[in-house]
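Please look over the sequence and the model shown here before reading the briefing. The points that follow are grouped by topic.

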Amino acid sequence: MNQPILKVTKSADKFVLDASGVTPVALDEGEWTAVSLDSGRLLAVSKKSGSDLQKMQGFAKCSIDLLHDMILGICHRRWSGMITVDTGFGMKKLFFSQGNLIFASSSLIDDRLGEIIYRSGMITLDQLTDTAVKVDRSTKFGQVLLKERIFTNTDLWTALQNQVLEIFRSIFIMSEIFIEVSAGTPPTEVSFSESTVKLVDSVYSAGKQFRSFFSRLRAESVVKLLSNSVAGDIKSGTFFSDVINLVTKNERLQDLLESSKLTDMNTLWVLHKMTCMGIFAFDGISEPKSEFSDTAFSRMKSHIDSYSILLDYAKAAFISSKIDFPAFEIRKFALALNEPQ
């Protein structure tokens with residue numbers, strides 16, 4: 001079969017990409033810019049993305065599975081440098097030293113320190129707002145937290161760890177990304193009690209679970225607050241309470257995404273997490289599809305069935321003793337087992 005021939009026709013204000021058998025696509029140069037990658041490829045990038053076109057010439061498309069294996073190789077070879085990642089929702093950078101993840105940065109507002117520690121419950125919305133207005137070119141968000149005695153040095157260190165891990169995790173909820181490997185020095189370094197191998201396996205597993213959830217969503221999906229949820233235990237003014245209020249006003253998923261201040265993927269990640277906590281439930285989603293045969297996971301299914309039986313016995317014991325079942329604490333403990341520390 002003959003390969004399509006790409007023809008480029010350029011005028012004063014636009015250019016047209018024309019491939020044989022494919023409808024020509026006109027791109028307005030006011031919104032797009034392009035550069036030749038090699039003799040057979042032309043890279044066109046929307047200026048709205050904020051991407052640096054010259055830096056993107058060294059980018060390569062990469063599946064998230066390949067990135068996982070690549071980072072494991074980095075750990076094994078004790079490599080030092082920087083991986084720039086374009087997720088389609090902003091540019092993120094991962095810094096490594098001797099095979100260890102030591103820092104991460106992002107161009108997204110969602111990934112700023114204040115936003116992340118607010119979502120993690122370390123500060124309230126009022127504290128986020130009051131602190132943000134005191135930030136300027138010479139004073140960073142973390143310095144304001146210390147100056148106002150909202151945080152201790154230990155708190156700030158923990159917050160920086162959370163920020164790096166959240167940026168790292170946010171990359172793995174995607175299926176495909178663009179990456180560039182280069183030298184790079186981070187503005188600071190953060191260390192973790194767990195090895196980078198364990199961290200990447202943890203965020204990779206969490207991302208795979210999220211992508212399975214994401215694939216089941218439909219346009220008509222609806223988010224509902226469970227009547228027997230743990231929402232009553234969540235303090236007012238926290239991020240989770242704000243999400244609950246948002247859901248009660250916008251149950252339809254599409255309306256919720258349009259009303260959320262987070263990017264769509266981060267909003268869906270939060271909804272997925274709160275669903276796992278037993279706060280929300282989804283109506284109008286497709287049934288999960290198994291990629292493997294039942295025999296491949298028969299042993300795992302046996303363990304899950306055994307756990308389900310034990311859970312039923314435990315619930316019955318609490319009911320007979322007229323004691324409230326600690327569902328929230330158990331879910332919180334189970335989720336903590338799958339999160340990097």
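**A buried phenylalanine and its surroundings**

Phenylalanine 280 is buried, with a relative accessible area of 2%, where buried means under 20% relative accessible area, exposed over 50% and partly exposed in between, for a 1.4 Å probe and protein chains only. This is a predicted model, in which local features need pLDDT of at least 70 and side-chain atom pairs count only at pLDDT 80 or more, while totals for chains, interfaces and linings use all residues. Residues are numbered from 1 along each chain as its sequence is written, and side-chain values use heavy atoms, with hydrogens and water left out.

- Phenylalanine 280 is found in strand β12; helices (H or I, at least four residues) and strands (E, at least two) are DSSP runs, numbered from the N terminus.
- Not counting residues up to four places away in sequence, phenylalanine 280 touches Val223, Lys224, Leu225, Leu226, Val243, Ile244, Val247, Leu271, Met274 and Thr275, contact meaning heavy atoms within 4.5 Å.
- The C-alpha atoms of phenylalanine 280 and serine 227 are separated by 9.2 Å, although the two residues are 53 residues apart along the chain.

**The chain as a whole**

- The protein chain has 12 helices and 12 strands, and buried residues make up 35% of its 341 residues.
- Of the contacts in the protein chain between residues at least 6 apart in sequence, 61% join residues at least 24 apart.

**Aromatic pairs**

- A search of the whole structure finds 9 aromatic pairs; rings of Phe, Tyr and Trp (its six-membered ring) pair if their centres lie within 6.5 Å, and planes under 30 degrees apart count as stacked, over 60 as edge-to-face and the rest as tilted.
- Phenylalanine 213 and phenylalanine 282 form an edge-to-face pair, with 5.2 Å from centre to centre and 80° between the planes.
- Because phenylalanine 213 lies in helix α7 (residues 196-215) and phenylalanine 282 in strand β12 (residues 280-283), this pair ties together parts that are 69 residues apart in sequence.
- Phenylalanine 213 is buried at a relative accessible area of 10%, and phenylalanine 282 is likewise buried, at 11%.
- The rings of phenylalanine 239 and phenylalanine 240 have centres 6.1 Å apart and planes at 45°, so this pair is tilted.
- Ring pairs link Phe210, Phe213, Phe214, Trp269 and Phe282 into a cluster.

**An open sheet and its helix**

- An open sheet of 5 strands runs in the order β6-β10-β7-β8-β9 with antiparallel pairing, two strands being paired if DSSP finds at least two bridges between them.
- The edges are taken by β6 (60-63) and β9 (100-106), each of which has a single partner strand, so one side of each is left without a neighbour in the sheet.
- From one strand to the next, the twist averages 30°, with axes being lines fitted to C-alpha atoms, for helices over the stretch in contact, and angles running from 0 to 180 degrees between N-to-C directions.
- Strand β6 pairs with β10 (residues 176-182) in the antiparallel sense over 4 bridges, and serine 63 stands opposite glutamate 176 in β10.
- Helix α2 (residues 64-77) packs on the sheet, where α2 touches β6, β7 (81-86), β8 (91-97) and β10, and the direction of α2 makes about 95° with that of β6.

**Packing of two helices**

- Helix α6 (residues 153-171) packs with α7 at an angle of about 50°, their axes being 8 Å apart.
- Leu165, Phe168 and Arg169 in α6 meet Leu199, Val200 and Val203 in α7.
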